[in-house]
Amino acid sequence: MRIGSLSQNSRDTTTRSPRPKPQNERQNHQTQSPSLPKFLKQGSGFCPGKGIPSLSNWCHLIRSYLSRGAPREALLVYTGLRRKGVYLLGVAPLVLKACASLSIVKHGKALHAESIKNGVDFDVMIGTSLVCMYAKCGNVVDSRKVFDYMPERNAVTWNAMICGYLGNGDSKSAVLLFEKMSIRTAVTWIEMIDGFARSGDTETARRFFDDVPSELRNVVTWTVMVDGYARNGEMEAAREVFEGMPQRNFFAWSSMISGYCKKGNVKEARSIFDRIPVRNLVNWNSLISGYAQNGFSEEALEAFGKMQAEGFEPDEVTIASVLSACSQLGLLDAGKKIHHMMNHKGIKLNQFVLNGLVDMYAKCGDLANARLIFEGMAHRNRACWNSMISGFAIHGQSKEALEFCGRMEDSHEGPDEITFLSVLSACAHGGFVNAGLEIFSRMEKYGLTTGIKHYGRIKEAYDLIKRMPVKPNDVVWGALLGACRVHLDMEMADRVVEEIVKVDSNISSGCDSHYVLLSNIYAASDRWEKAEKMRMEMANKGFQKTPGCSSIMPGNTTHE
(Lines give C-alpha, C1' and ligand atoms only; values in the text may rest on other atoms or scores of the structure.)
Protein backbone atom coordinates (compact mmCIF):
# COMPACT_ATOMS: atom_id res chain seq x y z
CA MET A 1 0.00 0.00 0.00
CA ARG A 2 1.37 3.39 -0.92
CA ILE A 3 1.80 5.72 2.01
CA GLY A 4 1.33 8.79 -0.11
CA SER A 5 -2.14 7.71 -1.09
CA LEU A 6 -3.35 8.27 2.47
CA SER A 7 -1.66 11.62 3.03
CA GLN A 8 -3.88 14.70 3.18
CA ASN A 9 -3.67 17.69 0.90
CA SER A 10 -2.63 21.26 1.75
CA ARG A 11 0.71 20.16 3.16
CA ASP A 12 2.83 22.39 5.35
CA THR A 13 5.07 24.53 3.16
CA THR A 14 7.87 24.28 5.75
CA THR A 15 8.43 20.55 5.26
CA ARG A 16 11.80 19.10 6.15
CA SER A 17 13.81 16.30 4.69
CA PRO A 18 12.99 12.92 6.18
CA ARG A 19 15.31 11.81 8.93
CA PRO A 20 17.45 8.73 8.24
CA LYS A 21 15.87 5.39 9.16
CA PRO A 22 18.68 3.00 10.11
CA GLN A 23 17.78 -0.66 10.23
CA ASN A 24 18.93 -1.15 13.81
CA GLU A 25 16.62 1.65 14.91
CA ARG A 26 13.63 -0.25 13.56
CA GLN A 27 14.75 -3.46 15.23
CA ASN A 28 15.19 -1.83 18.60
CA HIS A 29 11.60 -0.64 18.78
CA GLN A 30 8.95 -2.68 20.51
CA THR A 31 7.43 -5.09 18.01
CA GLN A 32 4.70 -6.69 20.06
CA SER A 33 1.57 -5.05 21.42
CA PRO A 34 1.49 -5.10 25.21
CA SER A 35 -1.23 -7.10 26.86
CA LEU A 36 -4.46 -5.17 27.06
CA PRO A 37 -5.40 -3.49 30.34
CA LYS A 38 -7.55 -5.74 32.49
CA PHE A 39 -10.75 -3.77 31.88
CA LEU A 40 -10.36 -4.24 28.12
CA LYS A 41 -10.43 -8.01 28.52
CA GLN A 42 -13.74 -8.11 30.34
CA GLY A 43 -17.33 -7.59 29.31
CA SER A 44 -16.82 -7.38 25.56
CA GLY A 45 -19.07 -8.98 23.00
CA PHE A 46 -16.09 -9.72 20.75
CA CYS A 47 -13.60 -12.50 21.40
CA PRO A 48 -10.43 -12.44 19.26
CA GLY A 49 -10.04 -16.19 19.50
CA LYS A 50 -13.50 -17.06 18.20
CA GLY A 51 -14.84 -16.51 14.73
CA ILE A 52 -12.25 -13.97 13.58
CA PRO A 53 -13.71 -12.19 10.53
CA SER A 54 -12.01 -11.90 7.17
CA LEU A 55 -9.38 -9.25 6.58
CA SER A 56 -11.74 -7.05 4.57
CA ASN A 57 -14.05 -6.70 7.55
CA TRP A 58 -11.49 -5.48 10.11
CA CYS A 59 -11.77 -1.80 9.20
CA HIS A 60 -15.54 -2.01 9.12
CA LEU A 61 -15.64 -3.64 12.56
CA ILE A 62 -13.40 -1.03 14.17
CA ARG A 63 -15.26 1.88 12.55
CA SER A 64 -18.56 0.36 13.64
CA TYR A 65 -17.50 0.10 17.28
CA LEU A 66 -16.13 3.64 17.30
CA SER A 67 -19.29 5.06 15.73
CA ARG A 68 -21.34 3.36 18.45
CA GLY A 69 -19.17 4.85 21.18
CA ALA A 70 -17.45 1.58 22.04
CA PRO A 71 -13.68 2.27 21.83
CA ARG A 72 -12.90 -0.59 24.20
CA GLU A 73 -14.34 -3.13 21.76
CA ALA A 74 -12.52 -1.41 18.89
CA LEU A 75 -9.19 -1.96 20.67
CA LEU A 76 -10.06 -5.57 21.36
CA VAL A 77 -10.72 -6.12 17.64
CA TYR A 78 -7.36 -4.54 16.79
CA THR A 79 -5.61 -6.81 19.28
CA GLY A 80 -7.11 -9.80 17.48
CA LEU A 81 -5.81 -8.38 14.21
CA ARG A 82 -2.25 -8.04 15.53
CA ARG A 83 -2.31 -11.57 16.89
CA LYS A 84 -2.90 -12.69 13.32
CA GLY A 85 0.33 -10.91 12.40
CA VAL A 86 -1.47 -8.37 10.22
CA TYR A 87 -0.77 -4.64 10.14
CA LEU A 88 -3.11 -2.31 8.23
CA LEU A 89 -2.07 1.28 7.71
CA GLY A 90 -5.65 2.44 7.31
CA VAL A 91 -6.62 1.06 10.73
CA ALA A 92 -3.94 2.93 12.72
CA PRO A 93 -5.71 6.34 12.92
CA LEU A 94 -8.91 4.62 14.08
CA VAL A 95 -7.12 2.68 16.81
CA LEU A 96 -5.27 5.80 17.95
CA LYS A 97 -8.64 7.53 18.23
CA ALA A 98 -9.85 4.68 20.45
CA CYS A 99 -6.73 5.02 22.63
CA ALA A 100 -7.39 8.75 22.99
CA SER A 101 -11.04 8.13 23.96
CA LEU A 102 -9.95 5.77 26.73
CA SER A 103 -6.81 7.74 27.68
CA ILE A 104 -4.67 4.62 27.25
CA VAL A 105 -1.37 6.22 26.32
CA LYS A 106 0.58 2.96 26.84
CA HIS A 107 -1.37 1.24 24.09
CA GLY A 108 -1.03 4.32 21.88
CA LYS A 109 2.74 4.26 22.33
CA ALA A 110 2.82 0.61 21.30
CA LEU A 111 0.98 1.50 18.10
CA HIS A 112 3.42 4.38 17.58
CA ALA A 113 6.29 1.86 17.81
CA GLU A 114 4.56 -0.42 15.32
CA SER A 115 4.16 2.51 12.92
CA ILE A 116 7.90 3.20 13.10
CA LYS A 117 8.74 -0.47 12.60
CA ASN A 118 6.56 -0.65 9.51
CA GLY A 119 7.95 2.61 8.13
CA VAL A 120 4.66 4.47 8.11
CA ASP A 121 5.26 6.99 10.90
CA PHE A 122 6.00 9.58 8.18
CA ASP A 123 2.45 9.40 6.88
CA VAL A 124 0.65 12.69 7.54
CA MET A 125 -2.58 11.04 8.66
CA ILE A 126 -0.87 8.71 11.12
CA GLY A 127 1.39 11.50 12.43
CA THR A 128 -1.60 13.78 12.96
CA SER A 129 -3.46 10.98 14.75
CA LEU A 130 -0.46 10.52 17.05
CA VAL A 131 -0.42 14.25 17.82
CA CYS A 132 -4.11 14.05 18.77
CA MET A 133 -3.70 10.85 20.79
CA TYR A 134 -0.84 12.12 22.96
CA ALA A 135 -2.54 15.49 23.54
CA LYS A 136 -5.90 13.96 24.50
CA CYS A 137 -4.10 11.63 26.91
CA GLY A 138 -2.62 14.72 28.58
CA ASN A 139 0.90 14.16 27.22
CA VAL A 140 1.28 17.41 25.28
CA VAL A 141 5.10 17.24 25.41
CA ASP A 142 5.19 14.00 23.40
CA SER A 143 2.49 15.41 21.16
CA ARG A 144 4.77 18.33 20.28
CA LYS A 145 7.71 15.97 19.75
CA VAL A 146 5.71 14.03 17.17
CA PHE A 147 4.63 17.31 15.57
CA ASP A 148 8.21 18.60 15.30
CA TYR A 149 9.47 15.23 14.01
CA MET A 150 7.00 15.02 11.12
CA PRO A 151 8.68 15.71 7.76
CA GLU A 152 5.32 16.81 6.33
CA ARG A 153 2.50 18.63 8.08
CA ASN A 154 -0.77 19.92 6.72
CA ALA A 155 -3.32 22.33 8.18
CA VAL A 156 -5.05 19.46 9.99
CA THR A 157 -1.79 18.66 11.80
CA TRP A 158 -1.33 22.27 12.90
CA ASN A 159 -4.94 22.45 14.07
CA ALA A 160 -4.51 19.24 16.05
CA MET A 161 -1.46 20.63 17.85
CA ILE A 162 -3.24 23.93 18.62
CA CYS A 163 -6.24 22.00 19.92
CA GLY A 164 -3.89 19.90 22.07
CA TYR A 165 -2.35 22.95 23.68
CA LEU A 166 -5.72 24.58 24.35
CA GLY A 167 -7.18 21.35 25.71
CA ASN A 168 -4.30 21.07 28.18
CA GLY A 169 -4.51 24.71 29.33
CA ASP A 170 -1.45 26.01 27.48
CA SER A 171 -3.04 28.93 25.63
CA LYS A 172 0.28 30.75 25.28
CA SER A 173 1.83 27.96 23.20
CA ALA A 174 -1.39 27.71 21.18
CA VAL A 175 -1.17 31.41 20.28
CA LEU A 176 2.52 31.12 19.33
CA LEU A 177 1.75 28.19 17.06
CA PHE A 178 -1.25 30.00 15.61
CA GLU A 179 0.93 32.98 14.71
CA LYS A 180 3.44 30.70 12.92
CA MET A 181 0.82 29.15 10.65
CA SER A 182 1.27 30.15 7.04
CA ILE A 183 -2.20 29.03 6.01
CA ARG A 184 -5.12 29.10 8.45
CA THR A 185 -8.39 27.32 7.82
CA ALA A 186 -11.85 27.93 9.26
CA VAL A 187 -11.14 25.10 11.72
CA THR A 188 -8.04 26.94 12.98
CA TRP A 189 -10.09 29.98 13.96
CA ILE A 190 -12.83 27.81 15.44
CA GLU A 191 -10.30 25.96 17.64
CA MET A 192 -8.90 29.24 18.95
CA ILE A 193 -12.34 30.75 19.70
CA ASP A 194 -13.65 27.58 21.31
CA GLY A 195 -10.46 26.91 23.28
CA PHE A 196 -10.37 30.32 24.93
CA ALA A 197 -14.12 30.32 25.55
CA ARG A 198 -13.93 26.93 27.28
CA SER A 199 -11.18 28.26 29.55
CA GLY A 200 -13.48 31.16 30.54
CA ASP A 201 -11.59 33.83 28.60
CA THR A 202 -14.48 35.04 26.45
CA GLU A 203 -12.77 38.40 25.90
CA THR A 204 -9.87 36.80 24.00
CA ALA A 205 -12.28 34.42 22.26
CA ARG A 206 -14.26 37.42 21.02
CA ARG A 207 -11.10 39.09 19.71
CA PHE A 208 -10.34 36.02 17.63
CA PHE A 209 -13.96 35.89 16.45
CA ASP A 210 -13.82 39.52 15.31
CA ASP A 211 -10.56 38.83 13.44
CA VAL A 212 -11.86 35.86 11.43
CA PRO A 213 -11.56 36.66 7.69
CA SER A 214 -14.98 37.03 6.09
CA GLU A 215 -14.34 34.19 3.66
CA LEU A 216 -13.64 31.80 6.59
CA ARG A 217 -16.49 32.87 8.86
CA ASN A 218 -19.18 30.19 8.67
CA VAL A 219 -22.11 29.02 10.77
CA VAL A 220 -19.81 26.99 13.04
CA THR A 221 -17.63 30.05 13.75
CA TRP A 222 -20.71 31.97 14.89
CA THR A 223 -22.02 29.00 16.86
CA VAL A 224 -18.85 28.45 18.94
CA MET A 225 -18.90 32.12 19.93
CA VAL A 226 -22.57 31.90 20.95
CA ASP A 227 -21.87 28.71 22.88
CA GLY A 228 -18.78 30.24 24.49
CA TYR A 229 -20.78 33.13 25.91
CA ALA A 230 -23.69 30.90 26.95
CA ARG A 231 -21.36 28.38 28.59
CA ASN A 232 -19.93 31.17 30.74
CA GLY A 233 -23.33 32.62 31.65
CA GLU A 234 -22.92 35.78 29.54
CA MET A 235 -26.36 35.57 27.98
CA GLU A 236 -26.63 39.20 26.86
CA ALA A 237 -23.46 38.85 24.79
CA ALA A 238 -24.59 35.44 23.55
CA ARG A 239 -27.93 36.90 22.47
CA GLU A 240 -26.22 39.74 20.63
CA VAL A 241 -24.08 37.33 18.58
CA PHE A 242 -26.98 34.90 18.14
CA GLU A 243 -29.32 37.54 16.73
CA GLY A 244 -26.59 38.66 14.32
CA MET A 245 -26.08 35.20 12.81
CA PRO A 246 -26.75 35.07 9.05
CA GLN A 247 -27.97 31.49 9.54
CA ARG A 248 -28.34 29.22 12.54
CA ASN A 249 -27.79 25.52 13.06
CA PHE A 250 -29.40 23.22 15.63
CA PHE A 251 -26.49 23.61 18.03
CA ALA A 252 -26.78 27.40 18.14
CA TRP A 253 -30.43 27.17 19.16
CA SER A 254 -29.65 24.55 21.81
CA SER A 255 -26.76 26.60 23.22
CA MET A 256 -29.11 29.51 23.81
CA ILE A 257 -31.77 27.30 25.40
CA SER A 258 -29.23 25.62 27.71
CA GLY A 259 -27.60 28.95 28.56
CA TYR A 260 -30.87 30.51 29.67
CA CYS A 261 -31.83 27.40 31.64
CA LYS A 262 -28.52 27.45 33.50
CA LYS A 263 -29.29 31.02 34.51
CA GLY A 264 -32.75 29.93 35.68
CA ASN A 265 -34.54 31.90 32.97
CA VAL A 266 -36.76 29.07 31.75
CA LYS A 267 -39.30 31.46 30.23
CA GLU A 268 -36.73 32.94 27.84
CA ALA A 269 -35.41 29.46 27.05
CA ARG A 270 -38.89 28.40 26.00
CA SER A 271 -39.24 31.57 23.94
CA ILE A 272 -36.07 30.65 22.02
CA PHE A 273 -37.29 27.07 21.59
CA ASP A 274 -40.59 28.23 20.11
CA ARG A 275 -38.70 30.22 17.45
CA ILE A 276 -36.88 27.18 16.05
CA PRO A 277 -38.19 26.62 12.52
CA VAL A 278 -37.32 22.92 12.36
CA ARG A 279 -36.47 21.12 15.60
CA ASN A 280 -34.34 18.06 16.20
CA LEU A 281 -33.74 15.78 19.18
CA VAL A 282 -30.91 17.95 20.53
CA ASN A 283 -33.26 20.94 20.75
CA TRP A 284 -35.90 18.92 22.60
CA ASN A 285 -33.29 17.51 25.00
CA SER A 286 -32.05 21.02 25.83
CA LEU A 287 -35.55 22.13 26.75
CA ILE A 288 -36.52 18.98 28.68
CA SER A 289 -33.29 18.88 30.68
CA GLY A 290 -33.57 22.62 31.35
CA TYR A 291 -37.07 22.16 32.74
CA ALA A 292 -35.98 19.24 34.94
CA GLN A 293 -32.88 21.03 36.26
CA ASN A 294 -34.95 24.04 37.30
CA GLY A 295 -37.69 22.03 39.03
CA PHE A 296 -40.30 22.39 36.27
CA SER A 297 -40.94 18.66 36.31
CA GLU A 298 -44.48 18.69 34.98
CA GLU A 299 -43.39 20.88 32.08
CA ALA A 300 -40.49 18.47 31.41
CA LEU A 301 -42.84 15.49 31.16
CA GLU A 302 -45.28 17.46 29.03
CA ALA A 303 -42.48 18.42 26.62
CA PHE A 304 -41.38 14.77 26.55
CA GLY A 305 -44.86 13.76 25.45
CA LYS A 306 -44.95 16.41 22.71
CA MET A 307 -41.51 15.34 21.51
CA GLN A 308 -42.71 11.78 21.07
CA ALA A 309 -45.89 12.99 19.37
CA GLU A 310 -43.72 14.74 16.79
CA GLY A 311 -42.03 11.44 16.01
CA PHE A 312 -38.72 11.84 17.86
CA GLU A 313 -37.24 8.80 19.61
CA PRO A 314 -35.66 9.52 23.02
CA ASP A 315 -31.98 8.88 23.68
CA GLU A 316 -29.92 8.58 26.87
CA VAL A 317 -30.00 12.35 27.50
CA THR A 318 -33.78 12.46 27.21
CA ILE A 319 -34.23 9.49 29.53
CA ALA A 320 -31.94 10.89 32.24
CA SER A 321 -33.92 14.15 32.23
CA VAL A 322 -37.42 12.61 32.39
CA LEU A 323 -36.32 10.19 35.11
CA SER A 324 -35.20 13.23 37.12
CA ALA A 325 -38.63 14.79 36.58
CA CYS A 326 -40.33 11.61 37.81
CA SER A 327 -38.09 11.60 40.89
CA GLN A 328 -39.00 15.17 41.75
CA LEU A 329 -42.74 14.46 41.42
CA GLY A 330 -42.60 11.03 43.07
CA LEU A 331 -44.25 9.41 40.03
CA LEU A 332 -43.20 5.79 40.46
CA ASP A 333 -45.61 4.41 37.85
CA ALA A 334 -44.43 6.93 35.24
CA GLY A 335 -40.84 6.10 36.09
CA LYS A 336 -41.50 2.39 35.66
CA LYS A 337 -43.09 3.00 32.25
CA ILE A 338 -39.99 4.91 31.17
CA HIS A 339 -37.80 2.06 32.43
CA HIS A 340 -39.88 -0.41 30.43
CA MET A 341 -39.67 1.81 27.35
CA MET A 342 -35.87 1.91 27.70
CA ASN A 343 -35.67 -1.88 27.65
CA HIS A 344 -38.10 -2.09 24.75
CA LYS A 345 -36.22 0.46 22.62
CA GLY A 346 -32.78 -0.80 23.60
CA ILE A 347 -31.58 2.53 24.99
CA LYS A 348 -28.00 2.32 26.23
CA LEU A 349 -27.63 2.15 30.00
CA ASN A 350 -24.82 4.65 30.53
CA GLN A 351 -23.80 6.15 33.86
CA PHE A 352 -26.33 8.99 33.70
CA VAL A 353 -29.26 6.71 32.88
CA LEU A 354 -28.34 4.22 35.62
CA ASN A 355 -27.97 7.06 38.14
CA GLY A 356 -31.37 8.36 37.05
CA LEU A 357 -32.99 4.96 37.57
CA VAL A 358 -31.47 4.52 41.02
CA ASP A 359 -32.51 8.05 42.03
CA MET A 360 -36.04 7.66 40.67
CA TYR A 361 -36.70 4.34 42.42
CA ALA A 362 -35.07 5.50 45.65
CA LYS A 363 -36.94 8.80 45.87
CA CYS A 364 -40.24 7.13 44.92
CA GLY A 365 -39.83 4.57 47.72
CA ASP A 366 -39.11 1.45 45.65
CA LEU A 367 -35.84 0.80 47.45
CA ALA A 368 -35.72 -2.86 46.40
CA ASN A 369 -35.49 -1.97 42.72
CA ALA A 370 -33.15 0.93 43.46
CA ARG A 371 -30.78 -1.39 45.30
CA LEU A 372 -31.05 -4.06 42.60
CA ILE A 373 -29.88 -1.61 39.93
CA PHE A 374 -27.27 -0.10 42.25
CA GLU A 375 -25.65 -3.44 43.11
CA GLY A 376 -25.50 -4.37 39.42
CA MET A 377 -23.58 -1.25 38.41
CA ALA A 378 -19.94 -1.70 37.41
CA HIS A 379 -19.07 1.85 38.46
CA ARG A 380 -20.83 3.92 41.11
CA ASN A 381 -20.12 7.62 41.32
CA ARG A 382 -20.90 9.97 44.20
CA ALA A 383 -24.32 10.93 42.85
CA CYS A 384 -25.35 7.28 42.76
CA TRP A 385 -24.23 6.63 46.34
CA ASN A 386 -26.03 9.75 47.54
CA SER A 387 -29.24 8.69 45.81
CA MET A 388 -29.28 5.42 47.72
CA ILE A 389 -28.34 6.95 51.08
CA SER A 390 -30.87 9.76 50.65
CA GLY A 391 -33.56 7.25 49.62
CA PHE A 392 -32.96 5.15 52.73
CA ALA A 393 -33.02 8.25 54.93
CA ILE A 394 -36.21 9.68 53.41
CA HIS A 395 -38.08 6.41 53.79
CA GLY A 396 -37.00 5.67 57.37
CA GLN A 397 -34.42 2.95 56.75
CA SER A 398 -31.78 4.52 58.97
CA LYS A 399 -29.61 1.45 59.47
CA GLU A 400 -29.30 0.94 55.74
CA ALA A 401 -28.38 4.61 55.28
CA LEU A 402 -25.58 4.26 57.84
CA GLU A 403 -24.44 1.01 56.25
CA PHE A 404 -24.22 2.56 52.78
CA CYS A 405 -22.42 5.60 54.15
CA GLY A 406 -19.76 3.28 55.56
CA ARG A 407 -19.52 1.42 52.25
CA MET A 408 -19.17 4.71 50.41
CA GLU A 409 -16.31 5.81 52.66
CA ASP A 410 -14.57 2.51 51.95
CA SER A 411 -14.96 3.02 48.20
CA HIS A 412 -12.97 5.45 46.05
CA GLU A 413 -15.88 7.93 46.17
CA GLY A 414 -15.63 10.12 49.25
CA PRO A 415 -18.79 11.53 50.88
CA ASP A 416 -19.83 15.17 50.48
CA GLU A 417 -22.29 17.55 52.17
CA ILE A 418 -25.31 15.80 50.66
CA THR A 419 -24.10 12.44 51.98
CA PHE A 420 -23.68 13.66 55.53
CA LEU A 421 -26.95 15.57 55.54
CA SER A 422 -28.81 12.45 54.43
CA VAL A 423 -27.13 10.35 57.11
CA LEU A 424 -27.78 12.99 59.78
CA SER A 425 -31.42 13.02 58.73
CA ALA A 426 -31.50 9.23 59.03
CA CYS A 427 -29.95 9.44 62.50
CA ALA A 428 -32.52 12.03 63.56
CA HIS A 429 -35.48 9.97 62.36
CA GLY A 430 -34.12 6.68 63.65
CA GLY A 431 -32.95 7.91 67.04
CA PHE A 432 -29.31 7.00 66.39
CA VAL A 433 -27.92 9.88 68.42
CA ASN A 434 -24.46 8.48 69.08
CA ALA A 435 -24.08 7.65 65.42
CA GLY A 436 -25.17 11.20 64.58
CA LEU A 437 -22.53 12.65 66.90
CA GLU A 438 -19.91 10.46 65.28
CA ILE A 439 -21.03 11.69 61.85
CA PHE A 440 -20.44 15.27 62.97
CA SER A 441 -16.93 14.39 64.08
CA ARG A 442 -16.18 12.72 60.73
CA MET A 443 -17.37 15.72 58.74
CA GLU A 444 -14.33 17.77 59.67
CA LYS A 445 -12.12 15.04 58.20
CA TYR A 446 -13.62 15.82 54.79
CA GLY A 447 -13.58 19.58 55.27
CA LEU A 448 -17.37 19.81 55.35
CA THR A 449 -18.06 21.56 58.66
CA THR A 450 -19.18 24.78 56.96
CA GLY A 451 -21.54 23.04 54.58
CA ILE A 452 -24.09 21.62 56.97
CA LYS A 453 -26.98 23.50 55.45
CA HIS A 454 -27.76 22.07 52.06
CA TYR A 455 -31.12 22.11 50.35
CA GLY A 456 -32.62 23.90 53.38
CA ARG A 457 -31.99 21.13 55.91
CA ILE A 458 -30.05 23.01 58.57
CA LYS A 459 -32.98 22.69 60.99
CA GLU A 460 -32.74 18.89 60.80
CA ALA A 461 -29.14 19.10 61.97
CA TYR A 462 -30.21 21.41 64.81
CA ASP A 463 -32.99 19.02 65.87
CA LEU A 464 -30.57 16.10 65.86
CA ILE A 465 -28.12 17.90 68.12
CA LYS A 466 -30.91 18.90 70.49
CA ARG A 467 -32.02 15.27 70.88
CA MET A 468 -28.57 14.06 71.93
CA PRO A 469 -28.61 12.36 75.37
CA VAL A 470 -25.29 14.05 76.21
CA LYS A 471 -24.60 17.75 75.89
CA PRO A 472 -22.91 18.59 72.59
CA ASN A 473 -19.73 20.60 72.90
CA ASP A 474 -18.93 23.94 71.33
CA VAL A 475 -17.22 22.28 68.36
CA VAL A 476 -20.51 20.71 67.28
CA TRP A 477 -22.42 23.96 67.72
CA GLY A 478 -19.60 25.84 66.03
CA ALA A 479 -19.99 23.72 62.91
CA LEU A 480 -23.66 24.61 62.79
CA LEU A 481 -22.91 28.29 63.38
CA GLY A 482 -20.41 28.21 60.52
CA ALA A 483 -23.17 26.93 58.25
CA CYS A 484 -25.41 29.77 59.44
CA ARG A 485 -22.74 32.26 58.39
CA VAL A 486 -22.33 30.73 54.93
CA HIS A 487 -26.08 30.78 54.29
CA LEU A 488 -26.91 33.90 56.37
CA ASP A 489 -29.54 32.07 58.44
CA MET A 490 -29.99 34.73 61.11
CA GLU A 491 -32.76 33.06 63.07
CA MET A 492 -30.85 29.81 63.45
CA ALA A 493 -27.62 31.68 64.26
CA ASP A 494 -29.30 33.36 67.25
CA ARG A 495 -30.59 30.03 68.49
CA VAL A 496 -27.19 28.37 68.12
CA VAL A 497 -25.45 31.14 70.09
CA GLU A 498 -27.99 30.68 72.88
CA GLU A 499 -27.05 27.01 72.99
CA ILE A 500 -23.35 27.89 73.08
CA VAL A 501 -23.98 30.09 76.11
CA LYS A 502 -25.65 27.14 77.86
CA VAL A 503 -22.63 24.94 77.16
CA ASP A 504 -20.29 27.34 78.95
CA SER A 505 -21.59 30.59 80.36
CA ASN A 506 -18.04 31.82 81.08
CA ILE A 507 -17.50 34.51 78.42
CA SER A 508 -13.74 34.02 78.69
CA SER A 509 -13.95 30.46 77.38
CA GLY A 510 -12.65 29.23 74.03
CA CYS A 511 -16.11 29.48 72.48
CA ASP A 512 -15.90 33.30 72.55
CA SER A 513 -14.80 33.06 68.90
CA HIS A 514 -18.36 32.19 68.09
CA TYR A 515 -19.45 35.69 69.11
CA VAL A 516 -17.03 37.15 66.60
CA LEU A 517 -18.57 34.85 64.02
CA LEU A 518 -22.08 35.98 64.97
CA SER A 519 -21.02 39.61 64.68
CA ASN A 520 -19.74 38.91 61.17
CA ILE A 521 -23.03 37.21 60.30
CA TYR A 522 -24.97 40.30 61.37
CA ALA A 523 -22.67 42.55 59.34
CA ALA A 524 -22.95 40.37 56.24
CA SER A 525 -26.74 40.54 56.52
CA ASP A 526 -26.69 44.35 56.79
CA ARG A 527 -27.87 44.18 60.41
CA TRP A 528 -25.36 46.82 61.37
CA GLU A 529 -27.01 47.76 64.68
CA LYS A 530 -26.87 44.20 65.97
CA ALA A 531 -23.33 43.76 64.69
CA GLU A 532 -22.20 46.92 66.49
CA LYS A 533 -24.06 45.89 69.63
CA MET A 534 -22.31 42.52 69.58
CA ARG A 535 -18.91 44.18 69.17
CA MET A 536 -19.61 46.57 72.04
CA GLU A 537 -20.60 43.66 74.23
CA MET A 538 -17.39 41.86 73.29
CA ALA A 539 -15.34 44.94 74.17
CA ASN A 540 -17.11 45.31 77.53
CA LYS A 541 -16.34 41.66 78.29
CA GLY A 542 -12.62 42.34 77.88
CA PHE A 543 -11.55 40.61 74.71
CA GLN A 544 -10.72 41.73 71.16
CA LYS A 545 -9.80 40.25 67.82
CA THR A 546 -6.16 40.67 66.90
CA PRO A 547 -5.74 42.15 63.40
CA GLY A 548 -4.35 39.64 60.92
CA CYS A 549 -4.81 36.65 63.24
CA SER A 550 -7.85 34.53 63.87
CA SER A 551 -7.51 34.74 67.67
CA ILE A 552 -9.60 35.92 70.62
CA MET A 553 -7.70 37.73 73.40
CA PRO A 554 -9.45 37.93 76.79
CA GLY A 555 -7.04 39.71 79.08
CA ASN A 556 -3.51 38.50 78.40
CA THR A 557 -4.41 35.02 77.11
CA THR A 558 -4.55 34.22 73.43
CA HIS A 559 -6.86 31.48 72.17
CA GLU A 560 -6.38 30.49 68.53
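A salt bridge here is a side-chain nitrogen of Lys or Arg within 4 Å of a carboxyl oxygen of Asp or Glu. Lysine 363 and aspartate 359 make such a pair, with their closest N and O atoms 2.5 Å apart. Please keep in mind that this is a predicted model. By the salt-bridge rule, the count comes to 23.

**Salt bridges within a helix**

- Lysine 363 and aspartate 359 both belong to helix H20 (residues 351–363), and because they are 4 residues apart, about one helical turn separates them.
- The two partners can be told apart by their accessibility: lysine 363 is partly exposed, at a relative accessible area of 35%, whereas aspartate 359 counts as buried, at 16%.
- The cut-off explains that label for aspartate 359, because buried means under 20% relative accessible area and this residue has 16%.
- Helix H11 (residues 202–211) holds another pair, arginine 206 and aspartate 210, which are also 4 residues apart, or about one turn of the helix.
- The side chains of arginine 206 and aspartate 210 meet at 3.0 Å, N to O, in a salt bridge.
- Aspartate 210 is partly exposed, and its relative accessible area is 45%.

**A salt bridge between helices, and a network**

- Arginine 239 and glutamate 268 join their side chains in a salt bridge, at 3.2 Å from N to O.
- Arginine 239 sits in helix H13 (residues 235–243) and glutamate 268 in helix H15 (residues 266–275), so this pair ties together parts that are 29 residues apart in sequence.
- Arginine 239 counts as partly exposed at 21% relative accessibility, and glutamate 268 also counts as partly exposed, at 25%.
- Both residues take part in a network of salt bridges that links Arg239, Glu243, Arg248, Glu268 and Arg275.

**Two helices packed together**

- Helix H10 (residues 186–198) packs with helix H12 (residues 219–231), their axes lying 9 Å apart at an angle of about 5 degrees.
- H10 and H12 are therefore roughly parallel to each other.
- On the H10 side, the contact is made by Ile190, Ile193, Asp194, Ala197 and Arg198.
- H12 contributes Val220, Thr221, Val224, Met225, Gly228 and Arg231 to the contact.
- Sorted by class, the contact of H10 with H12 has 6 nonpolar, 2 polar and 3 charged residues.

Terms used:
Residues numbered from 1 in each chain as written. Predicted model: local features only at pLDDT ≥ 70, side-chain atom pairs only at ≥ 80, totals over all residues. Heavy atoms only, no water. Axes fitted to C-alpha atoms, helices over the stretch in contact; angles between N-to-C directions. Parallel < 35°, antiparallel > 145°, perpendicular 65-115°, else oblique. Contact = heavy atoms within 4.5 Å. Nonpolar A, V, L, I, M, F, W, Y, C, P; charged D, E, K, R; others polar. Buried < 20%, exposed > 50% of the residue type's maximum accessible area, 1.4 Å probe, protein only.
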